[in-house]
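Welcome, and thanks for taking a look. Please have the sequence and the 3D view open while you read this short briefing.

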Amino acid sequence: MGAEFVQFSLTPILIGTLAAIACALPGNFLILRRQALIGDAISHVVLPGIVVAFLLTGTVAALPMLLGAGAAALLAVVLIEAIRRVGRIEPGAAMGVVFTALFAGGVLLLEQSDTSRVHLDVEHALMGNLETLIWLRAGEGWASLADPVALAHLPPELPRMAVAAALIAALTVIFWRPLKLSTFDEGFARAIGLPVSAIGLGLVITAAVAAVAAFDAVGSIIVIAMFICPPAAARLMTNSLARQVWLSVGFATLSAVLGYVLAGYGPLWLGYANAVSAAGMIATVSGVILGVACLIGPHRRRVGVAAGA
Amino acid sequence: MAGFLDALLLQAGYNAALVAIGAALLGFAAGTAGTFLFLRKRALVSDAVAHATLPGVGLAFIVMVSLGGEGRSLAGLLLGSALSAFAGLWLVEWIARATRLSEDAAIGAVLSVFFGLGVVLLTVIQSLDRGRQAGLEDFLLGSTAGMLLQDALIIAGGGAAVVAVIWALRRPMTLVAFDPGYAAAIGIDTRRVDLAMMALVMAVTVIGLKLVGLILIVALLIIPAVTARFWTDRVERVLWTAGLLGAAAGYVGAALSASAPDMPTGPIIVLIAAGLFALSLLCAPRRGVLAAILARRRFQARVHRRQGLLALTRAEPIHDPVTLRILRREGLIRADGVATDKGRAQAAKIARDERRWDIAREVHQDTSLTGRYDGLTPIEEVFAPDEIADFDARLGPPQPVGG
């Protein structure tokens with residue numbers, strides 16, 4: 001746990017953890033509202049967004065990428081809603097049409113354009129590059145945390161992800177009551193004058209912000225897995241929303257840390273030379289946590305269903 | 001362009017022709033299998049099934065290599081992908097049944113976790129000596145490059161088999177899709193039919209892995225079915241229309257992809273399907289956007305026409321420019337706004353029908369008839385001629401109207 005750990009593992013673990021938490025927080029409400037797959041749809045359409053942003057600006061700078069991805073996410077949500085209403089198509093199918101078509105467009109644009117100079121390809125979009133977000137300047141180990149020169153060379157993804165996670169946590173705290181009310185009893189929330197549709201849209205936009213910020217650092221697999229697995233596992237552990245949200249944050253952190261460590265060091269312990277994909281392993285660990293919760297979670301059954309049913 | 005035409009007419013070489021025919025058969029199978037999935041409102045389950053194939057592909061490769069094989073046999077990889085797709089499907093059903101999580105959460109969890117596991121296996125394979133040129137990444141987005149004759153035959157044969165099974169099972173599957181309760185009551189095992197439907201979806205996914213890739217195969221299952229739904233309300237027609245749309249997208253897509261560089265097959269096929277969908281969304285009769293706009297405009301015109309004629313009967317001036325334009329166009333008023341003979345006659349009829357409705361409401365207690373009064377439905381459509389004659393008798397002789 002010396003300088004090498006700080007240089008090569010600390011920042012990826014921190015970024016992965018922040019990304020996981022940023023996605024798990026809105027995921028709690030998406031799960032309860034049966035909109036879990038919105039996260040799936042958003043993380044697919046991020047790809048065409050960044051490709052278009054790259055084609056327009058010619059760079060892979062962070063801001064145009066984030067704007068492009070955000071715009072694509074918003075476009076997807078609008079298109080899904082439009083197709084659902086105009087064509088009277090069930091939401092799942094409308095979602096399936098929109099995100100696959102946009103993703104296909106993104107892949108095609110990417111293949112057609114010259115992106116050999118820059119690090120932009122489909123696999124990167126899916127799997128992220130968590131392993132490369134290292135902090136080389138931290139040559140003095142833990143002492144580097146107090147060294148302003150070293151701190152200035154932190155990977156830029158870390159402060160960005162921290163800001164996004166803090167923003168989403170703040171939004172969750174500020175809008176806690178309206179979110180809770182409109183999620184559990186939409187009719188009542190409407191009756192006491194809450195803008196229910198605006199809250200729903202705000203939640204989807206927050207999810208999009210989380211997806212876009214996290215996607216840049218960790219790829220879409222983690223985004224989808226963290227939207228769903230930690231909140232779903234937490235849902236099986238408790239009946240209290242507050243406890244569920246805290247638990248989901250805990251599960252997300254556990255998945256990120258354990259997943260990264262298993263991916264980075266697990267193969268070495270087993271005697272292999274190469275690490276495996278951290279993003280994939282984090283998603284796998286979150287799935288194992290969900291699996292355990294499905295088997296032994298104290299509140300895994302539906303209310304009113306007998307244990308043997 | 002010439003290359004594209006050649007490919008379209010199966011003149012671009014033996015392999016390209018095989019791929020195009022295979023893609024068309026796959027598209028047909030996906031369109032028909034997807035129709036039942038869509039009617040059963042479970043379109044996105046296929047997304048979980050598709051992503052769940054990845055660890056199977058990886059494991060199959062590792063097993064084949066460790067048994068001393070070459071590891072790239074398509075049949076072996078597809079068998080592995082089918083097994084893990086089945087595991088994913090079973091998990092979705094189990095989570096939705098045994099826990100209180102809803103099906104969409106189960107779908108999302110299974111697809112992300114299986115995909116993550118698959119990615120881990122892919123990185124393991126990349127570190128194997130034999131795995132560097134495995135090309136398993138092609139299964140993500142599909143590829144026709146280096147496709148062998150036997151691969152194309154697997155795709156074509158599998159697609160044909162799926163279509164045959166759907167033909168045999170179309171009646172029970174339709175029944176279960178529309179009314180599971182009734183289907184169960186007449187003795188159909190709905191669970192088994194659902195299982196058959198999912199098995200077909202799984203078969204399409206596995207067959208399509210090589211050509212379209214696991215991320216986009218779900219599009220080929222969903223989009224043709226949704227598109228066909230715009231054109232007809234009859235389930236058999238939706239089924240075969242979806243099949244034809246899928247086949248067209250597969251065929252044209254494969255031809256386009258064969259004729260130009262940097263055109264990956266999967267995305268092209270999906271984009272053509274999406275183009276057909278957009279076209280249908282706009283132009284389909286009754287359910288399309290244009291049809292809806294036209295219907296709305298026709299309705300507006302009828303309301304304006306009636307308001308204008310009512311104003312004529314009361315000799316009131318008309319100011320609304322839209323009303324004036326519609327009345328002028330139909331020759332009901334002259335350019336200076338004075339009613340023509342035809343206009344006066346129509347106005348008189350509307351005034352008379354209004355009086356008839358008044359009588360009808362006095363005579364009839366049956367609101368299901370008088371309730372159909374909306375000012376636009378002609379009274380002749382609601383009441384029989386002898387009833388209208390009866391109203392007229394109560395109305396008394398005709399009176400001249402103003403104007």
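**Where the two chains meet**

Across the interface of chain B and chain A, 10 residue pairs are in polar contact, both partners having pLDDT 80 or more. Please keep in mind that this is a predicted model.

**The interface in outline**

- By residue type, the side of chain B that touches chain A divides into 39 nonpolar, eight polar and 10 charged residues.
- In all, 57 residues of chain B are in contact with 58 residues of chain A.
- The area buried between the two chains is about 4600 Å², and carbon and sulfur atoms give 74% of that area.
- In chain B, the residues that lose the most area to chain A are B:Leu44, B:Arg100 and B:Leu101, together 16% of what that side buries.
- How many salt bridges are counted between chain B and chain A? The count is zero.

**A residue to look at: B:Ala105**

- B:Ala105 sits in helix H6 of chain B.
- With a relative accessibility of 1%, B:Ala105 counts as buried, because the cut-off for that class is under 20%.
- Setting aside neighbours within four places in sequence, B:Ala105 is in contact with A:Ile31, A:Ala36 and A:Ile228.
- B:Ala33 is 72 residues away from B:Ala105 along the chain, and their C-alpha atoms are separated by 23 Å.

**Salt bridges**

- Side chains of opposite charge can pair when their charged atoms come close.
- Over all chains, the structure holds 23 salt bridges.
- One of them joins B:Glu103 and B:Arg42, whose closest N and O atoms are 2.9 Å apart.
- B:Glu103 belongs to helix H6 (residues 103–127) of chain B, while B:Arg42 lies in the loop between helix H2 (14–39) and helix H3 (45–51) of chain B, so this pair ties together parts that are 61 residues apart in sequence.
- B:Asp341 and B:Arg344 form another salt bridge, with an N to O distance of 3.5 Å.
- These two residues are three apart in helix H16 (residues 341–363) of chain B, which means that about one helical turn separates B:Asp341 from B:Arg344.
- B:Asp341 is exposed, with a relative accessibility of 61%, and B:Arg344 is partly exposed, with 34%.
- Salt bridges with shared partners also link B:Lys349, B:Arg352, B:Asp353, B:Arg356, B:Glu380 and B:Asp392 into one network.

**Domains of chain B**

- Chain B is divided into domain 1 (2–263) and domain 2 (290–395).
- The C-alpha centres of domain 1 and domain 2 of chain B lie 56 Å apart.

Notes: Residues numbered from 1 in each chain as written. Chains lettered and ligands numbered in written order. Predicted model: local features only at pLDDT ≥ 70, side-chain atom pairs only at ≥ 80, totals over all residues. Heavy atoms only, no water. Salt bridge = Lys/Arg side-chain N within 4 Å of Asp/Glu carboxyl O. Helix = DSSP H or I, 4+ residues; strand = E, 2+ residues; numbered from the N terminus. Buried < 20%, exposed > 50% of the residue type's maximum accessible area, 1.4 Å probe, protein only. Contact = heavy atoms within 4.5 Å. Buried area = accessible area lost by both parts, 1.4 Å probe. Polar contact = N/O pair within 3.5 Å; in protein donor to acceptor, adjacent residues only side chain to side chain. Nonpolar A, V, L, I, M, F, W, Y, C, P; charged D, E, K, R; others polar. Domains from an automatic or database assignment.
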